[in-house]
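Visitor: I am new to this structure and would like to understand the words that are used to describe it. Could you take me through them step by step?

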Amino acid sequence: SRWEEEKKEDGVKWMQLEHRGPYFVPLYEPLPEDVQFYYDGKPLKLSLATEEIATFYAKMLDHEYTTKEIFQNNFFHDWRKEMTSEEQEIIKDLDKCDFREIHKYFVDKNEARKALSKEEKQKLKEEADKIQEEYGYCILDGHREKIGNFKTEPPGLFRGRGEHPKMGMLKKRIMPEDVIINCSRDSKIPEPPEGHKWKEVRFDNTVTWLASWTENIQNTLKYIMLNPSSKLKGEKDWEKYEVARRLKGVVHTIRAQYRKDWKSKEMKKRQRAVALYFIDKLALRAGNEKEEGETADTVGCCSLRVEHIQLHPQLDGQQHVVEFDFLGKDSIRYYNKVSVEKPVFKNLQLFMRNKDPTDDLFDQLTTNFLNKHLQHLMDGLTAKVFRTYNASITLQEQLKALTNPEDNVAGKLLSYNRANRAVAILCNHQRSIPKTFARSMQVLQEKINAKKKQVEEAQEEVKKAEDEFKDTKDAKAEANVEKKKKLLKRLEEQLAKLNVQAMDKEENKQIALGTSKLNYLDPRISVAWCKKFGIPIEKIYNKTQREKFAWAIDMAGEDFEF
């Protein structure tokens with residue numbers, strides 16, 4: 001199999017790497033003369049740089065972000081920094097700024113793009129394909145491989161997930177002078193755009209990225225990588241799930257060990273054992289993995305503070321309940337009430353004794369100490385491996401429990417999504433309810449109502465045909481009964497399918513199924529399920545995902561067990 005070709009010596013990822021470098025997003029095009037910005041009711045001509053940033057805000061007027069105070073403040077602060085001194089003298093209050101005309105211009109532009117003729121759309125597609133052809137591929141060890149994100153991110157306003165404290169800040173334009181190129185020494189080194197030069201050119205074959213730069217909001221490194229369907233990425237993916245499968249063999253020993261450590265004489269060991277229980281049972285992240293320059297008060301398991309949990313000896317008919325409430329990765333709130341084992345509850349009481357709300361819950365524990373212990377338990381073990389293992393095992397068990405072989409395809413897919421949802425809930429993968437949710441639900445409900453009416457009419461038709469057959473007893477009337485029954489059956493199936501769709505939509509409105517599907521679930525489980533129950537793989541994975549998981553589609557038969 002392509003995924004199991006010869007391995008290179010340790011640390012070396014490639015021998016040859018040649019590419020064109022990143023594709024830079026086009027420069028800003030000024031607004032037409034008749035589209036104006038107004039300040040305090042009067043039109044105001046803005047300098048080019050100021051106008052460009054104004055368009056970023058204007059485009060988002062109908063978005064919930066622009067109603068948030070923190071977004072508004074961050075935007076206005078960064079915008080003012082880019083203004084000319086004359087503009088700074090005039091523009092002092094965001095409430096006096098009127099972006100509505102600019103917003104309308106972009107909405108109209110968008111609508112016009114949607115309304116283009118088939119030929120015009122085809123022309124645009126051909127232009128995009130030409131760029132993809134030129135920049136979207138590299139030569140890696142003699143293979144032509146697809147590159148993932150070969151374009152630099154356009155400038156705009158940072159959104160962040162959850163209630164991110166930096167939302168609204170200005171994401172600056174990436175220039176060639178910001179970019180480090182990585183390729184092989186003997187390759188044709190990519191040319192920077194005219195009049196520019198690269199920050200640096202490297203020849204490092206121990207990494208898999210082709211270009212990198214530092215973005216200005218979080219000061220994090222961004223990379224241009226190979227497409228997920230490439231051999232290198234596929235191998236990395238496969239190895240990740242193989243490590244999680246290895247955990248399956250030792251997880252019982254690990255659980256027995258941490259249970260024993262709940263009674264340890266060393267406080268450090270006890271804390272480590274309770275933290276490990278949380279990582280295992282609740283799929284919490286280890287914590288302390290914040291990016292440099294990250295100011296949000298986000299925590300993981302090791303960095304939990306006393307104020308993040310409440311203990312309830314009894315709650316809602318359950319015993320030993322721990323109530324968690326904290327901001328996790330990307331400022332997504334983690335809120336959960338969990339009934340834990342009695343020794344865990346007792347230990348938490350002990351860890352909280354004589355502490356202030358802002359004190360660390362696990363004051364003796366560092367992520368480093370925990371990670372060293374995990375490595376000692378199993379080579380390559382991290383908190384993320386636990387998440388991957390528990391997510392994949394949960395999916396496999398839920399699929400076994402929920403799939404009814406007698407169901408039609410829609411029914412089986414509902415079971416699949418429910419199994420996937422159990423994982424997303426375990427991993428706390430949330431999303432805000434989509435803006436279009438209410439409208440699309442309404443449209444679906446209208447379809448259901450119309451279909452119900454058709455079913456009722458078809459039932460009447462069947463009854464009429466049966467009465468006619470009773471009277472005449474002739475063959476033509478009998479055939480008519482069969483025809484009407486067939487139609488009724490087809491309509492009932494269509495109604496059932498719509499009802500399943502509505503149920504699925506409602507249940508998933510606040511759950512992000514994609515994150516776990518792409519990052520934590522061994523795709524071989526889904527592929528095997530599809531093969532076993534005759535479900536087309538495209539019902540589970542879209543084209544991009546099928547490319548990413550080509551290795552799994554290749555490898556997994558219907559009997560695959562994680």
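Visitor: Where is the place of aspartate 261?

Guide: Before anything else, please keep in mind that this is a predicted model. Aspartate 261 has its place in helix H6.

Visitor: What makes aspartate 261 count as buried or exposed?

Guide: The relative accessibility of aspartate 261 is 8%, and buried means under 20%, so aspartate 261 counts as buried. Once the neighbours within four places in sequence are left aside, the residues in contact with aspartate 261 are Lys269, Arg270, Arg272 and Ala273.

Visitor: Why is H6 called roughly perpendicular to H10?

Guide: Helix H6, residues 231-261, packs with helix H10, residues 383-402, at an angle of about 90 degrees, and their axes are 9 Å apart. Angles of 65 to 115 degrees count as roughly perpendicular, and therefore H6 is described as roughly perpendicular to H10.

Visitor: Which residues in H6 and H10 meet?

Guide: From H6 they include Tyr241, Leu247 and Arg255, and from H10 they include Phe386, Tyr389 and Ile393. Sorted by kind, the residues of the contact of H6 with H10 are 10 nonpolar, 3 polar and 2 charged.

Visitor: What makes glutamine 36 count as partly exposed?

Guide: Its relative accessibility is 31%, while buried means under 20% and exposed means over 50%, so glutamine 36 counts as partly exposed. The place of glutamine 36 is in the loop between strand S1 (17-18) and strand S2 (38-39).

Visitor: How do you know that glutamine 36 touches residues beyond those up to four places away in sequence?

Guide: Contact means heavy atoms within 4.5 Å, and with residues up to four places away not counted, glutamine 36 touches Pro43, Glu101 and Ile102. The C-alpha atoms of glutamine 36 and arginine 100 are separated by 8.9 Å, although these residues are 64 residues apart along the chain.

Visitor: How much space lies in the second largest pocket?

Guide: The second largest pocket holds about 1,300 Å³ of space. It is lined by 35 residues, of which Lys59, Phe106, Lys109, Arg113 and Pro154 are the closest to its centre. Helix H1 (48-59), helix H4 (100-114), helix H5 (118-135) and strand S7 (156-157) are the elements that give two or more residues to this lining.

Visitor: Which element gives the largest share of the lining of the second largest pocket?

Guide: The largest share comes from H4, with 9 residues. By kind, the residues of the lining of the second largest pocket divide into 18 nonpolar, 5 polar and 12 charged.

Key:
Residues numbered from 1 in each chain as written. Predicted model: local features only at pLDDT ≥ 70, side-chain atom pairs only at ≥ 80, totals over all residues. Heavy atoms only, no water. Axes fitted to C-alpha atoms, helices over the stretch in contact; angles between N-to-C directions. Helix = DSSP H or I, 4+ residues; strand = E, 2+ residues; numbered from the N terminus. Parallel < 35°, antiparallel > 145°, perpendicular 65-115°, else oblique. Nonpolar A, V, L, I, M, F, W, Y, C, P; charged D, E, K, R; others polar. Buried < 20%, exposed > 50% of the residue type's maximum accessible area, 1.4 Å probe, protein only. 1 Å grid on protein atoms, 1.4 Å probe; cavity = no way out; pocket = protein on both sides within 12 Å on 5 of 7 lines; lining within 4 Å. Points joined across faces, edges and corners; volume = space filled by probe spheres on them.
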